[in-house]
Amino acid sequence: MYISHAQPHHFDVIASSEPTSDTVEVSPSKSFEDDNLVMHPPKQRSHRSWCFRQYYKSTRYKGLKMAQVLCALYILSMTFRYYPNGLIDPSASFGQWRIVDVWNAENTEAGVIQLEGDPLGPKRAVVAKDRISLICLAISRISAFTMYPCIFLVFMTKCKATINFLMTTPLSLYMVHDQHELHSFCGKFLAIDVWVHTLFHCLRWGLQGNIDLLWTHIAGITGLIALFACVLICLPMMVQRLMRLMSYEVRKFLHISFFYIFALAMIFHNETSAWPNGGYNQVILGFCIIFYTLDAAYVMLFMTEMIETTVFNVLPSGVQMTLAVSDNFQKAYAQGGYGYVCLPWVSKNQWHAFSLFEHPSNPNLRQVFMLNVGNWTKEVHAQLQRNTVRPAWIQGPFVSPYNNALAFDNTICVATGIGITPALSVIRAHRESRRINLIWACRDVAMLEFFMDHLWLNNDGWILIFYTGKDALSPAVENAKLNSNIKLIKSRPNFDMIIPNIIFGIETGKGVPEAAVPREKLQVRELIAKKVWELEGEGLLEDEIIEELTFLAHEKGFLLSSLVDERAEDRNKSLLQVIKEQFAIYHNSARNGNYIPPELASASQNYQGLHKRHQHHNNPKTKRYQRSPSMTVQSRPWENQPAAEDFVSALDKKRVLNTWGLLYCGGSKSVESKLRKISNKYDLELHTETFAW
């Protein structure tokens, strides 16, 4: 294992259990002419062209923005037409357009009109007597109608049961996978748009001497209520200082309750009698409120269950929960996702979102790791002084942005802190068919040792663990000779170097993680196999045998979890049963003297199958990398590879790089920003999972 105390751009090998002579230096000028890779030289683009491309690529939610443009054009066409098709006074010439009550001059002076002269009809505060007032009215109406798509999406993105269903249909092809990000985007737009709408209405009323409409007319009164509600909805979720001052529970209560108030105020803001020249509030907002409420009721009644025997393991930095969920829960979402957890013995009214991951030895169990950072999690940790069994309610499971791993042959999962949990589900779910690489930065020693000692991390992708904490690691972890694809490095990750290095190594075949199997690992497996039969002969219980095997692995410098291969057919078996089946060949064949390690015997077939997805079957010149048992790793992603960046930049973006995806889970804005820059640089899709609330 390589443990480094290096700076971001330089790594010094401190200790190694593998030969180091297989490392080759690749110069930046080295040419790559392998027929397996479709490459083109980097194009030199002008500054103007580059800026336009960057701006275009950074434009998100084009469908939403197009809908807003159509809504704006619609209301402009309905406003600036002559009455009765529009609002313009039919007696006014083109240069003298105005909006007045053609039936009643007193209404015009009061700033309102009554369509068709109906004295009992609703009074609409849309009078505009001059050009400036017309411009103000146009801006107000555009801002109102561009709200409609955002208001609809703000509600729909939180209809969790509906989203779960739609993601199983072909409609998911056209859906945004990160619903919370879309929710936040629309919310920020609304937070600004309501002020624009209110400001230009007030400006028009003030210029015409009708400012009293703000507190005497139903449009002004409901507008003020909606504006006040919007402030309490958005600011606690957008302003960092308020987020620190206000607890999660208070912010969530304000967010949900005042959005109902906002929606109700908007329903009464105008009437449907104004249709088609407005009057859509009651239809759109009414539908959203009813649909959202029904969806929430469905989740509460049919997607929520109580787990009577929830196992709580208390760690110094948090609490790990193990839940025996029902068959319906498992069928709803086989692996991964997230759920809302309520612990009634802490608070009956608080539901908190957590990533779900499968128990390593029993996929029918779901696990949650609560990091001891917030008020609620600290209270949970305080009430659990020791490992115990308590009841818990769980709501879900719900679709996670990490589902996007399905879209790629090769995925690089980046996690910080507790963000490791969805990444582990991705590894478990897709390790049979896809190459999943993991970059995990963790500063909590207890969390690091827990996940390394209890979870099966080994797969055919790189598992790079960057320990950034100050506390000393236990000898079992510090000195562990981990599987060849699992590396523990004591430094902060340099994503600019590591991500292109991973792509470079795998696409060239010089740095595939399954290329080397430490001989020490094979020897320890033999010892474990022999020990199992000895301990069973002594009549020990299964838990006692696992404990003895764990100690034996630690003595030899390994984690027991790194010695066991996770296979699809083993998912419903106990850990001891898996060890006996997998290690039997070591024990029986070694005694006969004709033992060939299965890792080496199937090496060529394994690698060829994994790399097959990068090949283009219609290309007669295509050759596959062939791996022999003696093949070694020449390119290690945590070491500087000078040619990697130019190599990845030159890869064909439609035929090669589009098979690679970036997934991030964690709360670090700086890491997310860095990954977005890398995503833009290499045209890699990036999907993030950050459960803000």
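Strands β2 (318-324) and β6 (residues 365-371) run antiparallel and are joined by seven bridges, where two strands pair if DSSP finds at least two bridges between them. Strands are DSSP runs of E with at least two residues, and helices are runs of H or I with at least four, numbered from the N terminus. The model is predicted, so that local features need pLDDT of at least 70 and side-chain atom pairs count only at pLDDT 80 or more, whereas totals for chains, interfaces and linings use all residues. Residues are numbered from 1 along each chain as its sequence is written, and side-chain values use heavy atoms, with hydrogens and water left out.

| Partner of β6 | Bridges | Direction |
|---|---|---|
| β2 | seven bridges | antiparallel |
| β5 (residues 357-358) | two bridges | antiparallel |

M370 in β6 is the bridge partner of V319, while R366 in β6 stands opposite E358. Because six of its seven residues are buried, strand β6 is largely enclosed by the rest of the structure; buried means under 20% relative accessible area, exposed over 50%, and partly exposed in between (1.4 Å probe, protein chains only).

P316, in the loop between β1 (304-315) and β2, is exposed, with a relative accessible area of 68%. P316 touches H381 and A446, not counting residues up to four places away in sequence, contact meaning heavy atoms within 4.5 Å. Between P316 and L371 the C-alpha to C-alpha distance is 9.5 Å, although 55 residues separate them in sequence.
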